Amino acid sequence: MKKNKHNTEFYLRLYKQMTKIRVFEDNANQLYLDAKMPGLTHMYSGEEAVAVGICEALRISDKITSTHRGHGHCMAKGANFNQMFCELLGKVEGYCRGKGGSMHIADQANGNLGANAIVGGSMGIATGSALRAKLQKSDDVTVCFFGDGATAQGLMYEVMNMAALWQLPIIYACENNGYSEYTTTEEIAAGSILERARAFGIEAFNVDGQDVIAVNKLASDLVEKARKGKGPFFIELMTYRYHGHHVGDINRTYYRSKKEELDWKNNRDPIQILGSFLESEGIASDAELMEIHSTISREAKDAVDYALNAAYPDTSEVDLHVFQEV
Ligand SMILES: Cc1ncc(C[n+]2csc(CCOP(=O)(O)OP(=O)(O)O)c2C)c(N)n1
């Protein structure tokens, strides 16, 4: 590809966005290990190219819905460290005033309609968002992120049917990381994931979810088509989660080998793959990439300190934002 200022800057942005997610997750894991974070969390490390490749194809006004493994989607759609760490620690300055926690982060200002702890639960919300865009004649596109485990949920088939019939501007993005909790995808999903979408007449694509440039290229193409009323689309992104199902899932060898984990980390890491490309193209040196990592790590550390010292919500807020009187 011909190098120009635009794609040089864009590739560096992809690198920074993925690094932000990795650094965020490393800090979140440490907060859990230090017993400073209430509850547990599901790490996105290893899957960064999926969220970043797709969200970089979106505008702020485009919408996403996320999952229990949602920090990466939030960061990729524009969330900031301070509010993210505050939410994880239950502090009032968090995205949901500390009431959502890791699995319920919503950031409406950036078009993030929210994470969802119910597997497949955001599919109805995402499809409703696309219907809203169509009814209001807006050209917003909605991306629905979900894991391979969600393909076993009936809701997915109801909403894909509606989306196809009504040509809704939605992209279903299936993050296939090979596992649903402690079970392999082959054991929970019969047949082909892509053929499920094709049965509804939805165009479906498979892409290497570790290659952020490939993900972004495909997503940009589909987003522009969906904007012009040619949706819906379905993408299956092949990826891997480095940590256990959640931070407490430490002893994993009964369901996957250390060798497999090392193979993905050493040979298929999305940040390393892009880093090598940037170096080989003369866009950034190893030292410059390390500097990006150090700068982002310092920003994250400051945000963690900020969140640790931030205030909890006042007890008078306990029933606020939880239900609406009608
Ligand atoms: C409806 C529902 N059933 C079961 C669960 C318990 N559960 C939480 S995460 C998970 C696995 C999800 O796997 P997948 O969709 O592939 O996402 P991944 O964790 O691999 O990112 C399950 C079964 C749940 N949260 N919601």
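This is a predicted model: local features need pLDDT of at least 70, side-chain atom pairs count only at pLDDT 80 or more; totals for chains, interfaces and linings use all residues.
Visitor: Good to be here! How are residues numbered, and what pLDDT do local features need?

Guide: Welcome! Numbering starts from 1 along each chain as its sequence is written. Side-chain atom pairs count only at pLDDT 80 or more, totals for chains, interfaces and linings use all residues, and local features need pLDDT of at least 70.

Visitor: Which residues touch the most other members of the largest nonpolar core?

Guide: A nonpolar core is a set of buried Ala, Val, Leu, Ile, Met, Phe, Trp, Tyr and Cys residues joined through C-beta atoms within 7 Å. Buried means 20 or more other C-beta atoms within 10 Å of the residue's own, exposed 12 or fewer, and partly exposed in between, with C-beta atoms placed from the backbone. Of the 81 residues in this core, the two with the most such contacts are Ile 171 and Ala 173.

Visitor: Where does Pro 232, which Ile 171 touches, lie?

Guide: Helices (H or I, at least four residues) and strands (E, at least two) are DSSP runs, numbered from the N terminus. A cis peptide bond, with omega about -5 degrees, joins Gly 231 to Pro 232. Pro 232 is found in the loop between helix 9 and strand 7.

Visitor: Is Lys 137, with its positive phi of about 55 degrees, buried or exposed?

Guide: Lys 137 sits in the loop between helix 5 and strand 2 (142-147). Because Lys 137 has 6 C-beta neighbours inside 10 Å, it counts as exposed.
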